[in-house]
Amino acid sequence: MPSPLFAHEHPLSPCSTAHVHGADTPPAGTPISLDSPFQGPGTQVTVIWPEQPVRRIVLALPVEKGDGHKYGHSLHEIGRLPAYLREGTVFAAPTFSQSPWLVNHAFRADCRQEDHLVRVVVPTVLAILGTQPRPPVHLLGFSKGGFAALNLLTRHPSLFTAASVWDASLLSDRPPHPQLIDVTGSTARLDEYDVRHNLRRHAPVLRKARRIALGGVGTLEADWTAGHRLLEELRIPHDAYRDAPASHRWDTAWLAPALQHLLTLEAGFLPGARVREE
């Protein structure tokens, strides 16, 4: 079972100053507008609701600020997947005011992306369930979204159950992206979100169960190789696969195996879960 909350984790309840519009159960693909103290105006989370009873929530982490689609559209591609991969799953795609590395800026109150996700987005999606039992919440992403998913799993292991990433960024030894430097705001804050450091720091918790699927290879082959090597070195159980070549964008070519691996992780981690293959 998930470990207890770390001291730096926030409680699972919406921030008292965050206001939600249209939080009733929405039809498929309906955006929910959010007034968040941690982001600028205009953020939202778009939710695809399953026809079946809800068994899990999957957060599709973005790679562009706002509602940018230069690298494709996560929910459009997810909607093209086989039905068995989407059965019982709530898919939620949040937006952010700045480049979404899912970090908290050192000084700016309106650029606290991690807080926005953990304290506003996740509670908003969970609130839609009403009195239903809380399902597992998983992380899905590529590129900077993969970087963010791994960081979030290490920092909030009792909130997020598993992370399935493809072509994840900054797992190899190369300089941080200028966007990441901008949204962290200080060297100390940048160090706090070093994904390799966080995997090392929280390795004892992550060794308890298989919760990571590391997919590739697209553009960032060196990151996949370095990430796989680090997880092996740290003895963190994980699924590593290279059989999902695709363009560096939202694409069913990598989403299908990424979601299949996510379901497999869930089945191994949670009592009573099962995985279906077609």
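Which residue of E7 stands opposite Phe 142? Trp 166 does.

## Basis of the model

The model is predicted: local features need pLDDT of at least 70, side-chain atom pairs count only at pLDDT 80 or more, and totals for chains, interfaces and linings use all residues. Residues are numbered from 1 along each chain as its sequence is written, and side-chain values use heavy atoms, with hydrogens and water left out.

Strand E6 covers residues 137–143. Strands (E, at least two residues) and helices (H or I, at least four) are DSSP runs, numbered from the N terminus. Seven of the seven residues of E6 are buried, so the strand is largely enclosed by the rest of the structure. Buried means under 20% relative accessible area, with a 1.4 Å probe and protein chains only.

E6 pairs with E4 (residues 56–60) through four bridges, and the two run parallel. Pairing requires at least two DSSP bridges between the strands. Ile 57 stands opposite Val 137 in E6. Five bridges join E6 to E7 (residues 163–168), again in parallel. The chain crosses from E6 through H4 to E7 in a right-handed β-α-β crossover. Right-handed means that, with the strands pointing away from the viewer, the path from the first strand over the helix to the second runs clockwise.

## Helix H4

H4 holds 12 residues, 144–155. At 1.5 Å a residue it should span 16 Å, and its end C-alpha atoms are 16 Å apart, which agrees. The expected span is 1.5 Å times one less than the number of residues.

12 of the 12 residues of H4 are buried, so the helix is largely enclosed by the rest of the structure. Among them are Lys 144, Phe 147, Asn 151 and Arg 155.

The largest pocket has a volume of about 360 Å³. Of its 18 lining residues, Tyr 71, Ser 143, Lys 144, His 177 and Gln 179 are the closest to its centre. A pocket is an open set of points on a 1 Å grid over the protein atoms alone, where a 1.4 Å probe fits, with protein on both sides within 12 Å along at least five of seven lines; lining residues have an atom within 4 Å of a point. The lining divides into seven nonpolar, seven polar and four charged residues.

The second largest pocket holds about 250 Å³. It is lined by 20 residues, with Asp 67, His 69, His 73, Ser 74 and Ala 93 nearest its centre. Strand E3 (44–48), helix H1 (74–79) and strand E5 (89–94) each give two or more residues to this lining. Its residues divide into nine nonpolar, nine polar and two charged.

Conventions
Grid points are joined across faces, edges and corners, and a volume is the space filled by probe spheres set on the points. Ala, Val, Leu, Ile, Met, Phe, Trp, Tyr, Cys and Pro count as nonpolar, Asp, Glu, Lys and Arg as charged, and the others, Gly among them, as polar. Buried means under 20% relative accessible area, exposed over 50%, partly exposed in between (1.4 Å probe, protein chains only).
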